[in-house]
Amino acid sequence: MPAVDILLPYYGDVDLMKATVGSVFAQTREDWLLTVLDDAYPDPEPQRWFASLEDPRVTYLRNETNLGANGNYRKALDMAQAPVVVIMGADDVMLPSYLEHVTALLDEYPEASVAQPGVEIIDGTGHRAKTLTDSVKSLTAPSGPYPALVGGERMAASLLRAGWHYFPALAWRREAIAHFGFRPEFDVVQDLALLMDIAAAGGSIVVDGPVSFQYRRHASSDSSVRAADGRRFDEERRYFREQTNRFRDLGWPRAERAARFHWTSRLNALTVLLASLRHPSVRTAQNMTRHIVG
């Protein structure tokens, strides 16, 4: 049994995906399995390329039909067997120490359900980047001394307030992520929803400062596309209403307030709205304005 299952739900740029897989091969910790789930991407190159690899730790599967991001995540999660699970983006990069870093965190903090290492932002060409979103994440993430264990209402309120986590960089204990799973009705906030389920059940996340993962931001990513056309904010608005009720019923006032105001989500909608004014769409503008004013 490997120590880590790396799940790679894939649909997108072939060269970026190859760079992602290359970063897995470069890990200093070698007891991993990589499972790639190609969501019917219309290019034969991924299948050809994976067939040329001769590493028994790598499994490539192609869906007959496109399941969508959430469906592919749920299919991938059903295949996990190792004690630690990473669900990686097909355009992100593990630095060589990543697996050693996150497994050491989970060993040091056995009460933690998930580990978040330090993350560096890169653009589509692999150069370091800095966006308003990531600046806000950095400012609102738990501060040192590191590692920092955050759980329960503090975890819920902090993440609802700012969403400072990076989903592809998270390393999960399999029993925690498999117990809650991904809710099928969400395509954007499925990772936040999973973290909220863990927090509401009394679980925790361990956060560290040293960087061991590179998160790629580029205009063609799924989250960027959904933000630009407003779909992201429809889903977020519905989810935050649900969490406001949830944490009110739990008697967690800080988490309830964070869900009700969700100020960083509104700020994100405002920045997208301002950027969209160059190519205005009445429907999209109305949608984002509704999200901003609550």
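Predicted model: local features only at pLDDT ≥ 70, side-chain atom pairs only at ≥ 80, totals over all residues.
Let me begin with helix α10, which has 20 residues and reaches 29 Å from its first C-alpha to its last, close to the 28 Å expected at 1.5 Å a residue. Several of its residues are buried, and among them are the aromatic residues Phe233, Tyr239, Phe240 and Phe247, but the buried set also includes Arg232, Glu235, Glu236 and Arg237.

Now, how does α10 sit against helix α8? Two packed helices are described by the angle between their axes and the distance between the axes. Here the axes of α8, residues 190-200, and α10, residues 231-250, come within 12 Å and cross at roughly 0 degrees. Because angles under 35 degrees count as roughly parallel, α8 is roughly parallel to α10.

If you look at the contact itself, α8 contributes Leu192, Ala193, Met196, Asp197 and Ala200, while α10 contributes Tyr239, Phe240, Gln243, Arg246, Phe247 and Leu250. Sorted by class, this contact of α8 with α10 holds eight nonpolar, one polar and two charged residues.

Finally, I would like to turn to proline 145, which lies in the loop between α5, residues 132-140, and β7, residues 148-151. Is this proline buried or exposed? Its relative accessible area is 73%, and since exposed means over 50%, proline 145 is exposed. The C-alpha atoms of proline 145 and valine 207 are separated by 10.0 Å, although these residues are 62 residues apart along the chain.

Definitions and conventions
Residues numbered from 1 in each chain as written. Heavy atoms only, no water. Axes fitted to C-alpha atoms, helices over the stretch in contact; angles between N-to-C directions. Helix = DSSP H or I, 4+ residues; strand = E, 2+ residues; numbered from the N terminus. Parallel < 35°, antiparallel > 145°, perpendicular 65-115°, else oblique. Contact = heavy atoms within 4.5 Å. Nonpolar A, V, L, I, M, F, W, Y, C, P; charged D, E, K, R; others polar. Buried < 20%, exposed > 50% of the residue type's maximum accessible area, 1.4 Å probe, protein only. Expected span 1.5 Å × (residues − 1).
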